[in-house]
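Open the model in your viewer and keep the selection tool at hand. Each stop below says what to select and what is there.

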Amino acid sequence: MSAATSTRIPEGIGTRVRRFTSRRASWIPVFAALGILLALLLAGQAYFGNFLTPRVLSSLLLDNAYLLILAVGMTFVILTAGIDLSVGAVLAFTAIMGARMLSEGVPVVVVIPVMLIGGALIGLLIGVLIQFFDVQPFIASLAGMFAARGLAFLVSLSSIKVEDPAILWLQTKLFNIDGWYLSPTGVIALLVVAAGALVLQFTRFGRTIYAIGGNEQSARLMGLPVVRTKLLAYIICGTCAGLAGVVFTAYQGAGYPLNGIGTELDTIAAVVIGGTLLTGGSGFVLGSMIGVFVYGTIKTAISFLGAEQSWTRITIGALLLVFVVVQRVIVSRSSRR
Amino acid sequence: MGDPTTTPALDVPVLQVSGATVRFGRETALDSVDFRMFAGEVHSLMGENGAGKSTLIKALTGALPLDAGEIRLDGQPVRIPSPLEAQRHGIRTVYQEIDLLPNLSVAENIALGREPRRYGGIDWPAMRRLASEVLAELGLTIDPASQLGTHSLAVQQLVAIARAISTDVRVLVLDEPTSSLDADEVAELFRVIRELKDRGVAVLFISHFLDQVYEICDRITVLRGGVLVGEYRTTELLRIDLVQKMLGREITEQRVRRPSDPEPGTRVVLGARQLRRWPRVHDADIEVREAEVVGLAGLLGSGRTELARTLAGVDQPDGGVIVLDGTPTTIAGPRRGIGLGVVYSSENRRTEGIIAELTVRENIVLALQAQRGILRLMPRARQTELAASWIEALGIRPESPETIAGTLSGGNQQKVLLARLLALAPRALLLDEPTRGIDVGAKVEVQNLVGELAANGMSVVFISAELEEVLRVSTRIVVLRDGLVVATLPADELSSGSLLAMVTQPDDGD
Amino acid sequence: MTKIFKHRLVLPIAALVALILVNTISRPSFVSITVRDGQLYGSVIDILRNSAPLMLVALGMTIVIATRGIDLSVGALMAVSGAVALTIIDGSGSPDSPATLGIAIAAGVTVTLIFGAWNGFLVSVLGIQPIIATLVLMLAGRGIALLITGGFITTVTSTPYKFMSQGYLLGLPFAFYVSVVAIVLVALIQRRTALGVLTESVGINPEASRLAGVRSRGIVWGAYAVSGLLAGFAGILYSSNIMAADANAAGQYIELDAILAVVLGGTSLMGGKFSIAGTVIGVFTIQTLKSTITFLGVPPAVSPLFMAMVVVIVVLVQSQRVRNGASKLWATVSSRKEAEVAR
C-alpha cells in the first residue's frame with residue numbers, strides 16, 4: 001500500500017494490460033466465446049464455401065430467438081449463483097396453453113399476457129421455495145420443471161395447431177435488408193438482450209444480482225434487497241420462458257407438450273459457453289448471446305454436413321467441457337496469484 | 001462493577017448499553033452487562049474466548065437480539081433488530097472475515113446501496129469519483145474500477161473500512177482488523193483511526209494484540225464469563241493487571257517447561273536446503289533436530305506458513321531439497337508426509353482441520369484410518385478406546401467421544417486436531433498457529449503439551465503470530481522476513497524486543 | 001422414545017408407510033399377492049421389480065452426493081449401456097447364447113464405467129463443479145447412444161436377456177435380486193470398510209481430509225466411477241424390460257428421480273453423512289407413488305405434476321422454517337393441553 005501517488009507519465013503496455021485485467025477480468029471468457037464463434041464461422045466458410053452468407057447468418061437469429069430469450073433469463077438466475085431447470089418445460093407449458101386458448105377463440109391480446117404471467121408464476125413458485133424455504137435452486141427448479149411438464153400434458157396430450165395470424169406474423173413477417181432478413185421474433189429477442197444488458201449494468205437491481213452471486217451474506221449486510229432481487233431473478237427467468245413460449249409457438253406454428261425437452265440444458269450450456277460462471281457473480285447477457293450463436297452455428301454446420309443431429313449435442317457437450325476446463329484453469333491461476 | 005473511571009458527568013455516551021443479557025438456551029452468554037462508548041474515543045473490549053465479547057458486539061450491531069437490557073444512542077433508547085437498522089443508526093462494523101464482494105469493483109463495494117444515479121440508472125463516473133475520494137482519505141491509491149478480488153487481503157480490509165466511513169458513521173466497530181495486516185499497514189490503519197477519532201467517531205477496536213490495544217485505545221472494558229469486570233482508562237491499567245482481569249486468576253508460571261537444549265550434534269530429523277516455493281519461500285535452509293521445538297517467527301506474509309506447508313509436503317516445493325533423516329526425500333502430498341512421520345496442522349482450524357459434522361471419535365481416528373487404508377477398518381471398540389485415551393490425555397471437553405466435533409469450543413477442537421495427529425505417533429510435528437483464537441487456558445495447555453512432546457523426543461515446528469509465545473515455547477527460532485530466512489538463533493539469546501526488531505526491520509540496507 | 005423420533009429415518013419411513021396405507025385403504029388389492037406357477041404377482045411385487053433400475057442409479061447417486069457431488073449423467077449413461085449391449089446382441093449370430101449375453105453386458109457396463117471415471121476425473125482432478133462436469137455427458141451421452149444405434153431404436157429377441165427384468169427366480173422377480181445384491185454390496189463396501197466414513201469426511205471437508213492423509217481424489221473419483229457402473233447395469237435392466245435400446249427414452253428424468261430418492265432418504269445434498277437405508281426407502285417411496293398415480297388413472301404423461309408436489313412437500317418438511325413453525329405450533333398446543341390438564 002503506497003501512499004505516494006507515483007507520477008504516471010506514459011503508460012507502458014504492461015500497465016495498461018494489468019489495469020485492463022484488473023478491471024475487466026470477467027470479460028475475458030466472453031472474448032474467448034467470441035473468438036470461438038468467429039473461428040467456427042470462418043471454418044464453416046472455408047469448408048462449405050457458402051456458409052458466411054446473409055441468409056445463414058440471419059437464420060442464426062431467426063432459428064434461435066427462443067433460445068436467446070431463455071438464455072437472457074437464465075443469465076439473471078445463474079448470476080445469483082442459482083440455476084433454473086424449468087425453462088424448457090415452462091416453454092412447453094406456455095406454448096401449449098397459448099395454443100389451446102387460441103384454438104378456443106381467446107383473442108391474442110389476452111393470450112400473450114396470460115402466457116407471460118404463467119411463466120412468471122412458475123418462476124415465482126421456484127423463487128419462493130428457494131428464498132423462503134431454503135430449498136436448493138437445483139431442486140426447487142426441478143419441482144417447477146415437473147409441475148410445468150405435468151401441466152402441459154394436463155392442457156393437452158397432443159399437438160395443437162396455431163392459426164392465429166398475429167402469432168404467425170411474428171415469425172413469417174420478414175424485414176428484408178440487402179439479403180439479410182429479420183423477423184419480429186428476432187427483434188423481440190434482441191430487445192430482450194438489450195433490456196437485460198442495460199438492467200444488469202445500470203440499475204441497482206442489476207448490481208444486486210451480481211452482489212448476491214459474489215456473496216449473498218455480504219450483499220444482505222450491505223443493505224441490498226436480497227430477497228426481492230432473488231425472487232425477481234426467478235420471475236424474470238420464468239417470464240422469459242413464457243415469452244420464449246410465445247416465440248416458439250410462432251416458430252413452430254403449433255404447441256406440443258413434449259416441446260423443449262432438454263432445452264434447459266442447451267440454455268445452460270449456451271450461458272456457460274458465453275462466459276458466465278456457474279458459481280455466480282460473473283458473466284454478461286451479451287456473452288450469453290454469443291453462446292447462443294455458437295450453439296446455433298454448430299447446429300447449422302451439422303445440418304450443412306448432413307450429419308446426424310445427435311452430433312449437435314455431442315459437440316455442444318465437448319465445447320462446454322473445453323469451456324469449463326479453461327474457466328477452471330483461469331480461476332485457479334488467479335487464486336494462486 | 002470493578003473500579004470504574006471517572007468520566008465527565010455532563011458527557012452523554014454516544015452508545016450506552018445497560019443490563020445487556022443474552023441467553024442461548026439454558027446458557028447465559030451475557031449477564032446484565034453495562035457498556036458505554038463516548039464520541040471521539042477508541043475503546044477496546046477485552047476478554048478470553050467465551051467472555052461474551054462477540055455476543056456483545058453482535059447485540060450492538062443488530063446481529064443478535066438482547067433477551068434483556070437497553071441500548072441508548074445519545075441517551076435515547078433505541079431498538080437494533082437487524083444489522084441494517086444498526087447501520088441506519090450510524091453503527092458500522094468491519095468484520096474479521098471481510099464481508100465484501102470480490103467479484104465487483106472497488107467503487108461498487110464502497111458505494112453499493114447508495115450509489116449515485118443519473119437518468120434513473122447508476123452513474124458510474126460519479127460512483128468512481130466518490131470512491132476515489134474516500135480511498136484517498138485512507139491513503140489508498142488503487143483504481144476504483146478494479147475488481148476487489150484482485151487486491152490483497154489488507155487492501156480489501158481497508159476498502160471495508162472505506163465503505164464504513166463513507167457514510168455518516170458514529171460508532172465504528174473493528175473486529176480484529178489487524179490480523180491480516182503487516183506492520184506498515186497497521187500503522188496506516190492507526191493513522192486512519194486517529195483521524196476518525198478527531199472527527200468524533202467512537203471506535204470500538206478489538207484485537208488479540210495487547211501492544212496494539214495499548215497503542216491506540218483510550219479506554220478498555222473487560223468481560224469475563226459473560227459478566228462485566230470493569231471499565232478502565234488504558235493509561236491507568238497495567239498490562240499484567242489487564243491479563244489478570246481477563247483470566248480472573250493470578251498468572252503464576254506462564255513459562256513453558258522447555259526441554260533442555262539438545263546436545264550439539266544431536267540428530268537432525270527434518271531439514272531443507274535451498275527450499276523454494278513461489279511466491280513466499282525463497283531458498284530457505286532449516287533444520288529440526290530430535291527433541292526440540294523450532295519456532296518460526298515472522299509477520300504475516302513472511303512465508304512462515306508456506307515454509308511449514310512445503311516442509312511437510314502439503315505443498316510441493318518449486319526447488320530445493322527436503323532432507324529426512326539425512327536422506328533427500330520427496331514428500332508428494334500430506335498423505336506421503338504422514339506415512340513418513342511428518343505431520344502438519346493447519347492454521348485454519350475450521351476450513352482445513354476439523355470435520356465438523358463427524359464425531360470427536362471419527363475426527364481423532366481419521367488420519368490413522370486413512371493411513372491404514374480403506375479396507376482395514378479399525379474396529380469400533382478400538383476406535384472408542386483410542387479416542388477416549390486422547391480425550392483424557394489432552395483434557396478434551398465434553399469427554400464423550402460421540403460428541404459432534406463442530407459443537408466443541410475452539411480450544412477443544414484444536415485439541416481434537418492435535419489428538420488426530422499425535423495418534424499417528426509422528427516424528428516431526430508442524431503446528432501452524434495452534435493457539436490462534438482459543439482461550440488463554442487452552443492456550444497454556446497447548447503450549448505445555450508442545451514442550452512435553454519435545455521433551456519426549458519429538459521434533460516440533462511451532463508457528464505463532466505472537467512473538468512472545470514463539471519465544472516461550474521454542475528452543476531455537478528461525479526468523480523469517482519476506483520469504484527469507486534471516487536468522488536462526490537459540491531462543492535463550494533473544495528477547496521479545498530483539499526478535500520484534502528482527503522480524504520487522506531490514507538489516508543494513510540490503 | 002424421543003431418540004427414536006429424532007432418528008433421521010423416521011420421516012422417510014413414515015412417508016412410505018403412509019403412502020402404503022393410503023393405497024391399501026383405497027384399493028385393498030394393493031397388498032394382495034397371488035401365487036401363479038410358484039411365482040408371486042401383485043402391485044407390491046411390481047414395485048419391487050420396476051424399482052430395480054432406479055435403485056441401482058440411486059445407490060450410486062447416494063455415494064456421489066455424499067462426496068458433495070451430483071451426477072446428472074446417469075440417465076444418458078443408461079441409454080449408452082443399453083445401446084451398446086443391444087447393438088452387440090443384435091449383431092451377433094446367437095442372441096440367446098450366454099457368451100453373447102455376457103459380452104454384451106460386460107461391454108455395456110464397461111463403457112459406462114469409463115464414462116463414470118471420466119466424470120470423476122473432471123471433478124476430482126480438474127476440480128470442475130460436479131453439476132457442470134456431469135452436464136457434459138448428460139448432453140453428449142444421448143447423442144453418443146444415438147450414434148451407436150445409428151439413430152434407430154434397436155430391438156432384439158433374446159430370451160436370457162429378457163429374463164433379467166421379466167424373469168422369476170424362487171418366486172420373486174429376478175430384477176429384485178439384482179437390487180438386493182447391489183444394496184448389500186454397496187452397504188458392505190461402505191460400512192464394513194473405512195470407505196463410508198472417509199467418503200463422509202471428504203464430503204464434509206475436502207481440504208481437511210486431504211491434510212489428514214485421506215485419498216480424497218481417489219474417493220471422489222471412485223464414487224463417480226461406481227455411479228457410472230451402476231447406471232450401466234440400470235441401463236441393461238431398462239433395455240431388457242422393453243427389449244429395445246431407445247436412446248431418447250431410456251433413463252429419461254431418472255437422474256432427478258434418483259436425486260429425489262436420495263433426498264427423501266434424508267441424505268443432504270450438501271454432502272457428508274449419507275444413509276443407504278434411507279435411499280432404499282426413498283426409491284420404494286417414489287416407485288409406490290408412481291404405481292399410485294398409474295392406479296388413479298392419471299395419464300403417465302401428467303405424472304410429473306405429482307412428482308412436483310412430492311418434491312415440494314419433501315423440501316417443505318425438511319425446511320427449517322416449516323419445522324420451526326410446526327414445533328412452535330406443537331408447543332402451543334401441548335402447553336394448552338397441559339393447562340387444561342392442570343385445570
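Select the loop between helix H13 (380–394) and helix H14 (410–422) of chain B; Pro398(B) sits there. This is a predicted model. Now show the backbone from Arg397(B) to Pro398(B): the peptide bond is cis, with omega near -10°.

Next, go to strand S21 of chain B, residues 476–481. Is this strand enclosed or open? A residue counts as buried if 20 or more other C-beta atoms lie within 10 Å of its own. In S21(B), 6 of the 6 residues are buried, so the strand is largely enclosed by the rest of the structure. Show the side chains. In a regular strand they alternate between the two faces of the sheet. One side of S21(B) carries Arg476(B), Val478(B) and Leu480(B). The other carries Ile477(B), Val479(B) and Arg481(B). Both faces are covered.

Select S15, residues 293–297 of chain B: 4 bridges join S15(B) to S21(B), and the two run parallel. Pick Leu296(B) and look across to its bridge partner, Val478(B). Then select S22, residues 484–490 of chain B, which pairs with S21(B) in the antiparallel sense over 6 bridges. Here Arg476(B) stands opposite Pro490(B). Follow the chain through the turn. The hairpin of S21(B) and S22(B) has 2 residues between the strands, and Asp482(B) takes a positive phi near 50°.

Two further stops concern positive phi. Select Ser32(B), in strand S2 (residues 27–37) of chain B. Its phi is near 50°, a positive value in a residue other than glycine. Ser32(B) has 14 C-beta neighbours inside 10 Å and counts as partly exposed. Now jump to Glu176(B), in the loop between strand S9 (171–175) and helix H6 (183–198) of chain B. Glu176(B) is not a glycine either, yet has a positive phi of about 50°. With 16 other C-beta atoms within 10 Å, Glu176(B) is partly exposed.

Zoom out to chain B as a whole. Count 17 helices and 22 strands. The radius of gyration is 25 Å, close to the 24 Å that the globule rule gives for 510 residues, so chain B is as compact as a globular protein of that length. Its C-alpha atoms fill a box of roughly 70 × 50 × 50 Å along the principal axes. Of the 510 residues, 50% count as buried.

Select 68–96 of chain A: the span is 76% helix and 0% strand, with end C-alpha atoms 20 Å apart. Residues 271–298 of chain A are 61% helix and 0% strand, and their end C-alpha atoms lie 15 Å apart.

Key:
Residues numbered from 1 in each chain as written. Chains lettered and ligands numbered in written order. Predicted model: local features only at pLDDT ≥ 70, side-chain atom pairs only at ≥ 80, totals over all residues. Rg over C-alpha atoms; globule rule 2.2 N^0.38 Å. Buried ≥ 20, exposed ≤ 12 C-beta atoms within 10 Å, placed from the backbone. Pairing = 2+ DSSP bridges.
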